[in-house]
Amino acid sequence: MDVRVHNIRKEFGRFPALDDVSLDIRSGELIALLGPSGSGKTTLLRLVAGLESPTGGTIFFGDEDASQKTVQQRNIGFVFQHYALFRHMTVLDNVAFGLKVRPGHRRPPAAEIRKRALDLLELVQLSGLDKRYPAQLSGGQRQRVALARAMAVEPNVLLLDEPFGALDAQVRKELRKWLREIHDRTGHTTIFVTHDQEEALELADRVVVMSKGAIEQVGTPDEIYDHPVSPFVYGFIGQSNCLAVTLQNGEIWFEDRPIGLRAPAEPDGPANLHFRPHDIELIDGCGGCLAGLVTASRRVAGTRHLELDLGRTHPPVEIELPPERAAAGDHSRIAFRPTKWKLFRDGERQAVVAEAKSESSPIEMQEPTLVAQAS
Ligand SMILES: Nc1ncnc2c1ncn2[C@@H]1O[C@H](COP(=O)(O)OP(=O)(O)O)[C@@H](O)[C@H]1O
Ligand SMILES: [Mg+2]
């Protein structure tokens, strides 16, 4: 079922936990809400479920305004980080619970409930464990039971709030893949909350990046990584560098020199240059480029990570190179230039003022805020 979140605001006391949040979720989509702790992810999920009511705005299930509906009528499947299964019930009874407690006219016959629960246990790969009690299961197995239980009621929407958050890294990774497979087979519209970017990027059809009660960006994992629209998204997803630069006559200057990057039509003044460690090229005999002294060098699998000191008033810059290109020792000087970068002005939420992949690429005019972009 489509879920549309329309201009939602939620205040606790006078504190806005969500401020004007809008989001369209397509039927059958797996959406990840990704953001730091306190950004409003759980609040948004609870509003969709009907466990909280909004201060303003509307949530639609399909074409219907869901705010008139109770939690039961919304028919939601929920899995929490610490979803206590019923300890005194077997695994099978836990999964069957949501169907057994339905009012008479909507409750399937006992034999069908049992069959449906057994089928779901097979789906979550727990066949044969139906007579066990939760205490006799591992953490990962318990969360799989919780998911089977949530799916038993054939929910309109599955809401998963950091369901793997309490599990160790290896189990998390396995369950992530497993959840994606289950989703592809069952096709439930699913909202998955996580603060783990790797989990979100690997699992979701689209990622919703949240910060301070607002949505920063919505996009596919590739869009979010390759085209972050704000400094927050740049910093939160993947590794990135941020350098204070100045614009002069459409050229980007670092300290006392131009660095060979252009942002024509941008007014003079300070800005921040963002680029990822791997989006750089080394330059020989640098006239106009960035340069720094190597202060640390680490080999991580197939890549060499270098930390560069560009001067005391600047944060260290990290760059990544193929290991054979970087026989550089400590304190050797490295000259480089970002090949893919974006420029943001301070104080504006989505102030991409310029971006480019490479200095030599054509620079085209775009929308007013985005003044330059390379192919
Ligand atoms: N019941 C509540 N009463 C007061 N403040 C709350 C309540 N629930 C959440 N908040 C506040 O709203 C903000 C968002 O919380 P939450 O949605 O739980 O964030 P997240 O799930 O992203 O960590 C936080 O600042 C939190 O303290
Ligand atoms: Mg939360």
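**Exercise 1.** In this predicted model, determine the handedness of the crossing of α3 and α5, and state how the two helices lie relative to each other.

*Solution.* 
Step 1. The crossing of α3 and α5 is right-handed.
Step 2. Helix α3 spans residues 91-100 and helix α5 residues 139-152; they pack at an angle of about 25°, and their axes are 7 Å apart.
Step 3. Angles under 35 degrees count as roughly parallel. The helices α3 and α5 are therefore roughly parallel to each other.

**Exercise 2.** Identify which residues of α3 and α5 meet, and classify the residues of this contact.

*Solution.* 
Step 1. The contact of α3 with α5 comprises six nonpolar residues, one polar and one charged.

**Exercise 3.** Describe the order of the strands in the open sheet of six strands, and explain why one side of β6 and of β10 is left without a neighbour in the sheet.

*Solution.* 
Step 1. The order is β6-β7-β8-β3-β9-β10, and the pairing is mixed.
Step 2. Strands β6 (76-80) and β10 (214-219) stand at the edges; each has a single partner strand, so one side of each lacks a neighbour in the sheet.
Step 3. On average, neighbouring strands of this sheet are turned by 15° against each other, direction ignored.

**Exercise 4.** State how strands β3 and β9 are joined, and which helices lie on the sheet.

*Solution.* 
Step 1. Strands β3 (residues 30-34) and β9 (residues 206-211) run parallel and are joined by four bridges. The bridge partner of L34 in β9 is V209.
Step 2. Helix α1 (residues 41-49) lies across β3, β6, β7, β8 and β9, at about 155° to β7.
Step 3. Helix α6 (residues 169-186) packs on the sheet and touches β3, β7 and β8. The direction of α6 makes about 165° with that of β8.

Methods:
Residues numbered from 1 in each chain as written. Chains lettered and ligands numbered in written order. Predicted model: local features only at pLDDT ≥ 70, side-chain atom pairs only at ≥ 80, totals over all residues. Heavy atoms only, no water. Axes fitted to C-alpha atoms, helices over the stretch in contact; angles between N-to-C directions. Parallel < 35°, antiparallel > 145°, perpendicular 65-115°, else oblique. Left-handed = near helix turned anticlockwise from the far one by under 90°. Contact = heavy atoms within 4.5 Å. Nonpolar A, V, L, I, M, F, W, Y, C, P; charged D, E, K, R; others polar. Pairing = 2+ DSSP bridges.
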